[in-house]
Every structure is written in structure tokens, then in C-alpha cells.
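I opened my notebook for a friendly look around a structure. Here is what I looked up, entry by entry.

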Number of protein chains: 2
Amino acid sequence: MSNNYVPPTLRFLLAARRCELHALESLAGTCELVVLAGKLVHALQKERGWSNLYLCSEDDDGLPTLAELGRHAADAEHEMRRYLDDLDAGSGPASDKAHFFNCVASALHRLEALPGLRRGIRDRRTSAQEAESTFTDLIASLLAMVFEAADSALDPDVTRILVALLNFIQGKELSGQERAYGVVGFQAGYFTEVQKARMAALVAARNRSVDVFTQFAPPAALQCWEGLDQQSQDVQRMQAMLDNTSESQRVGVALTEVWLDLCTQRIDGMRNVENLLAKALAQQCEKRIAETRKELGDRSLLLRRFTDRASGKEPSMVFRVQGRIADIPPQDGIGRDMDRSIVDILREQTLRMQDAADALTSVRRSLDERKQIEKAKWLLVSRYHLSEQQAHERMQRVAMDGGLSLGDIAGQLLNESRED
Amino acid sequence: MSNNYVPPTLRFLLAARRCELHALESLAGTCELVVLAGKLVHALQKERGWSNLYLCSEDDDGLPTLAELGRHAADAEHEMRRYLDDLDAGSGPASDKAHFFNCVASALHRLEALPGLRRGIRDRRTSAQEAESTFTDLIASLLAMVFEAADSALDPDVTRILVALLNFIQGKELSGQERAYGVVGFQAGYFTEVQKARMAALVAARNRSVDVFTQFAPPAALQCWEGLDQQSQDVQRMQAMLDNTSESQRVGVALTEVWLDLCTQRIDGMRNVENLLAKALAQQCEKRIAETRKELGDRSLLLRRFTDRASGKEPSMVFRVQGRIADIPPQDGIGRDMDRSIVDILREQTLRMQDAADALTSVRRSLDERKQIEKAKWLLVSRYHLSEQQAHERMQRVAMDGGLSLGDIAGQLLNESRED
């Protein structure tokens, strides 16, 4: 046993490295959850689109497709729940997971409403707008959950791709909202001014999300996204069309299906980009875990070499630190070599961590707007005793009326509350 | 077993609360470490003061006291190491501990140099300045360790007192540096201009630390600090005396002991404030842990009440979510009550976490300057291949020459590097 005595300095150096490995492994888990949630969001988006179409039409032709899409979403939900079950059972309480677990509870709670919603849609007891907003809130809570999960990410390389993916999923969800919203317009044949403003706000928000994606995405995903240019232009043209409608200047209801097809093509194309990002994310996680494992192995080896050499001579000279008041200085060169290695490792490790922290800060800044919006929403909830959804709607309305983004409104609200 | 089925939403709500409890318990551990490190710092400060005195004098009268102070410091070191040993052995790798463990390694590595330093002082092979700077660097690494430990604190009430304590320990350390530095001056009979500037910088830095302490300290500690006013004024008067010296206008060497006594009185008085803070900190931790435990208990009870009532009827109606595609809506009122409770708990829990996060942000802002200094130091280390100590000295020199604080210099360095 005494041969295995590890000097405390080295023990903590290795422990620090092990913590980094642990953080990477837990980040890999987070990435897995993001991918599963992305899959569920995609399925729910499809279901929302078809639900809207079904509720706005009068025949029941859409029912079988709707039922199938519901089953797809239920499968994706089941997969995500299985992951969450393992997560809950597998890990002890971690100090930094409270916010995340709270978001999980919130998302799960909204998922409970799905079966009832599906019945309501099937039986036409639910209005198109009510269905849309329930789906949209559910998706928003899933997005809040994965954004919160990403908040404890500590590796900058992985986090860059993760942030690209999160923003792309968010951008795709906003595209999904455009689709659902457009269906309402084309079914009616026109958009009111309020509806036009709402559509414009969706487009602006989507562009912001996609901008963050392009800032952090790896080349393959970027290329795939640029390949979707044609679909994007087609969608934009139809949006411009809606923008020129009014109660007296309508477009034909037949355009609904064209719109739906175009949007669906674009969303499916975006789903491919999402898949590429998910793949890149998994690869980057694996790469960083392998690197960190190797470095940890190298260090353990170095340490063993030193302790072996030392124990062949007189271990108590070099490594005994508890009784270190002993007056005899180490007489061999091992203590000195060891000391140099420790200084080198400490220096290298601290510099690396500092660089990572800097890189992380700049990636995280892109998540700040989202946090501000969440924060402002909860400010309204607590001040005016609103529900989460009411608070969100109020912010959205103020933003629309003022031609501002949700982020701007959130910033204003938070500034005002600071001045109180 | 199926009677114990817990709906996932509630499970994650409780898991979030358990994470908060875990975070508080781990914060209580951090507070314990801060208190142990504070004790060691205090012992090292005394040893540094007497070492300085011994090395600047020519007789060996101080040796027995010096040996005794060395033993005291070794005891405090032993106590802290025992805590760290338990920490390393007891906890698995936590994602957020890598930086902290690295700081522990760094502090432990510096502690290894203590026995050699003590021999060097005893045998007069070490100069007074060398001894002072080795002690000071060691204390700085202990402070870096506890500041880093505090960085993952998540409870605002506890963190306020913790930040007050950390800054007070830092302020006391700066007082200790003033004492050691003054000894050099009174022994020589005068201060050079550079030495005067250095003393002024120490005083300014100490005032800043104490300001943060007064901002966050509980009343008892504040009162105790205000009671030290007389000692502070006496020390200031002697500092003013040194400020009026020059090579041609000296003061008597006999003043050294007066200075040392006054400073020691003040530092011992500060140690009492520190003890009050440590006590308040332990109490606050205990209080918050008891509150969180109680809340967790209440929630578990609530949950059990619901599951008991439900399982007396038809559990699969209300709680089965895996097979939730089932078409039958819950027929009793329990589902609805349960739902309301969950919504209430979710809302209350999220609001509370949001408030805590806000309060925490404002407490943490006070730690920013320290972080900037650390960051700027490592920037110099990596850019100019300096040692940590060289980098720190270079920043200190530039600050002194420009009449600026270390924080100002750090800010400038970081800004310049951003512009590159």
C-alpha cells in the first residue's frame, strides 16, 4: 500500500483532470438529450402542422395521417422519457442540476396534456388556434429544457456545436410556427395587420437564431443549409403574397397546400442540417473524451514512473508530506524532477482551463438573449401574477406593437425593474 | 412496487429540490474549508511577521517563538489537509470542480516548500524579502483556492456571508503584508519612494477588500470591525510616519517593535471579526439546509398523499404516462387537484430559483475584480512565458508606477488583448 502513496498535489492535479473528463461525459449525455428532444420537436411540429390543416378544413381525410403523426411523436416522446428515466435513476443529485431538473419537470408536465389535446383535435372540440398554442408552448418548454441543459456545458469546442444545434432547432421551430401561422392565413384567404406583424416577428426571430447557427456551425452543416436556399426563397415569396392580402384582397384557399408543401420541404431540409449537426456533435464529444482520457492516462503513467523510481530509493524523503517537518532535504534528483513536472503540469493545466473559460464566455454570450427573455417572463409572472403563457404573450404583443424583438422588450423590462 | 409509482413530473420536481439540498450541503463543506484555510492563513501571517523580524535582527532570541509559530502553522496545515483528503476520497468527480481541484493542487504544491523555507530562515540562508514573498505567494494560493471554491456557491444568503468572509480574510492578509513590509522599513529606519508607493498600494487594496466585507457582512461582525477603529488609527499614524522618512531622515529602529505590536493587535482583532463571520456562516448554512430539508419533506408528503389517494382508486388513470395514449380521460377529481399542485409548485420553484439567480449575480459581481486579476496574470504567463509570480510582480509594478489598482491594470491588459 505504501508503495502506492500518491503525493496530494498530484492527486488533486489528476482529480481536476478527472472532473474535466466527467464534465465531458455528462456533456455527451446532454448532447444525446438535445438530439432526442430535437427529434420529438420535429415530430410535434409535423403533428401541429397537420392538426392545423385538419381543424381548418371540414373533411376528415386528414385523420389517418394525423393519427400516424401522433404515434410518431409518441414514439419520440417515449424515447426521450427513457433517457430521462435513466438520468434520474443513474446519477446522484448534482449541485448544478436544480434548474435543469426543474425545466424537465415543466416540460414533462406539458407533455401530460398531449393525449387530451389529441382527443380534442380529433373530435374537433379544440380550435385551431388553441391547438397551435398548446403545441407551441410544449415545444417551447422542450427548448427551454435543452437550452438549460446546455448552460452547464464546460468544453468550448463541444459547446460551439451544441449552441449551433440549439439555435438551429429553435430556428426550425420558428419556421414551423411560420408554417402553422401561414396555414391559418391561406385558409382564410388573407392576413389581418396584426397577423402580418406577427408573421414578420417570427421571420425576424428565425433569422436571429439562424445567424447564431451560422456563427458556430461546422462546415458540412453550413453547406447543407446553404443548399436550402431555393426552398427558402419560395417560402419567402409566398410570405410576401400573404403580406399583400387584406379582407378585400384575398388569395385562393387552394394555396394552403402549396404553402404547406413548401414549408414542409424546407423544414425537412432543415431536419437534415439538424442531423448533420447532431453527428458533428457526437463526433466532437467522442474526440474530446478520447483526448482527455489519453491525457489522464499519460499523467497517471508519469506519476507512476515517479513513484516507482522513488520507492526504489527512499520514498519517505520525497513524498512524505504529513511528517514533512523532518529536517533532511531530499538527497536525490527525483524530488527536483518531480517538482519541475508538477510545475509544468500545473501551468499547462491552468492555462488550458483559462483559455477554455474565455472561449466559453464568448460562446455563452450568444445564449444571453434567451436567458433575458426567460428572466423577463418570470418577472412578469411574479409581478402581475400571470401564468407563464400569459406573460409570454404579453411580451410578444408589446414587441409586435413596438416593432421590436422579444429580446429588446426583455431588456427594457429588466432595466425598468432594476431602476425601481 | 406499483403503489410507489411516482409520476415523472413530480419526480423531477423533487429531484430539483434534492439538487438544491445537495448544493447547500456541498456549500457548507466549502465554508468549512474556508474557515480552515483562514486559520492556516492566520498562522502563516504570524510566522511571516516573526520570520521577517528574526531575519532583520542579528540575535537569535526570536528562534523559540518562531519554532512555536511554525508548529502552529503546521497544525493548521495538517487540519486543512485532513479536510482535503476526505474531500478527495469522499466525493466522485463533479463536473464543476476541475478549476477548484487545480487550485488545491497549486496551493498544496506551494505548501511543500514550507519545510525548506523554515530551514532556510532558521539558518539565515534566506533573505527577509525572499521569505516574505514565499509566505505571501503561499497565502495568495490559499486565497485563490477558497475564492475558487466560493465560485460554485449557489445560495445567495450563504454566499453573501461567504463573500464577506473571503474579502475580510483577503483584507486581513493585506494588513499582514503591511505589517511585514513596515518591519522592513522600520528596521532600515526609512522607506524609499518605491517602498512608499508599494505600501500605499497595499493600503488601497485592503480598503477595497474591507469595503466589500462591509457591504455583505452581518451586523455582529460589522460592529466588531467598527470596534477596531482605535487600532486602525494607530497603525495609520505609524504609516504616515514612514511616509515622511527618507535616507537622510530616518526613524529609530526601536519603533519596529511598536509597529509590530500595533499591527499584531489589529490583525488579532481582525481575527475575531473573522471568527464571528465564520460562526454566522455556519449558522446560515445550517438554517438553509434545515429549511430545504423541511420543504423537501413537505413535498414528499404531498406527493405521497396524492399517490395514496390515487392508488386507492385507479392509479393507471391518473399516473400512468407511458401508456398514456389511452383514450379515457381521468374520471375523478384527483388528477385535477394534482395538476393544480404541480403547477403551483413549478411556478413557486421557478420563481424562487430565478430570484436566487438574480441575487447571486449581484453578490458575484463583487468577485469579478479578483477574477480579472487572475485572468490577466495568466494572460501574461502565456504571452511572455513568465512564471505566475513574475506575472503578478509585473502587474504590480505597472500598477504602482501608474498610481493604479491591480484591478485597473488587469482591465487594461484584458482590453488590449481583446483588441489584438
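This is a predicted model: local features need pLDDT of at least 70, side-chain atom pairs count only at pLDDT 80 or more; totals for chains, interfaces and linings use all residues.

**Entry 1: salt bridges overall**

I began with a count, and over all chains the structure holds 58 salt bridges. For my notes, a salt bridge is a side-chain nitrogen of Lys or Arg within 4 Å of a carboxyl oxygen of Asp or Glu. The idea behind the count is that side chains of opposite charge can pair when their charged atoms come close.

Residues are numbered from 1 along each chain as its sequence is written, chains are lettered from A and ligands numbered from 1 in the order in which they are written, and side-chain values use heavy atoms, with hydrogens and water left out.

I looked up Lys39(B) and found its side chain in a salt bridge with that of Glu79(B), at 3.1 Å from N to O. Lys39(B) sits in helix H1 of chain B and Glu79(B) in helix H2 of chain B, so the pair ties together parts that are 40 residues apart in sequence. I noted the rule for helices here: they are DSSP runs (H or I, at least four residues), strands are runs of E (at least two), and both are numbered from the N terminus.

Buried means under 20% relative accessible area, exposed means over 50%, and partly exposed is in between (1.4 Å probe, protein chains only).

Next I followed Asp151(B), whose side chain meets that of Lys371(B) in a salt bridge of 3.0 Å, N to O. Asp151(B) lies in the loop between helix H5 (128-150) and helix H6 (156-188) of chain B, and Lys371(B) lies in helix H13 of chain B, so this pair ties together parts that are 220 residues apart in sequence. I wrote down 23% relative accessibility for Asp151(B), which counts as partly exposed, and 39% for Lys371(B), also partly exposed.

Arg208(B) is in helix H7 (residues 193-216) of chain B and Glu369(B) in helix H13 of chain B, so I had distant parts of the chain linked, 161 residues apart.

I stayed in helix H13 (residues 368-384) of chain B, where Asp368(B) has its place. Asp368(B) is partly exposed, with a relative accessible area of 35%. I also checked Asp368(B) against Gly407(B): they are 39 residues apart in sequence and 9.4 Å apart in space, C-alpha to C-alpha.

**Entry 2: where the chains meet**

How many residues of chain B are in contact with chain A? I found 68 residues of chain B in contact with 68 residues of chain A, where contact means heavy atoms within 4.5 Å. Chain B and chain A bury about 6000 Å² between them, 59% of it on carbon and sulfur atoms. Buried area is the accessible area (1.4 Å probe) that two parts lose on being put together, summed over both.

I counted four salt bridges between chain B and chain A. One joins Lys375(A) with Asp358(B), with the closest N and O atoms 3.4 Å apart. On the chain B side, several helices each supply at least two residues that touch chain A, including H2 (63-90) and H12 (334-365). The largest share, 13 residues, comes from H1(B).

I then asked how the copies are related: chain B can be laid on chain A with an RMSD of 0.1 Å by a turn of 180° and a shift of 0.0 Å along the axis. That is the relation of a two-fold axis. Copies are superposed by least squares on the C-alpha atoms of residues with pLDDT of at least 70 in both. I noted that 100% of the interface residues of chain B are also interface residues in chain A, so the copies meet through the same surface.

**Entry 3: chain A**

Of its 420 residues, 53% count as buried.
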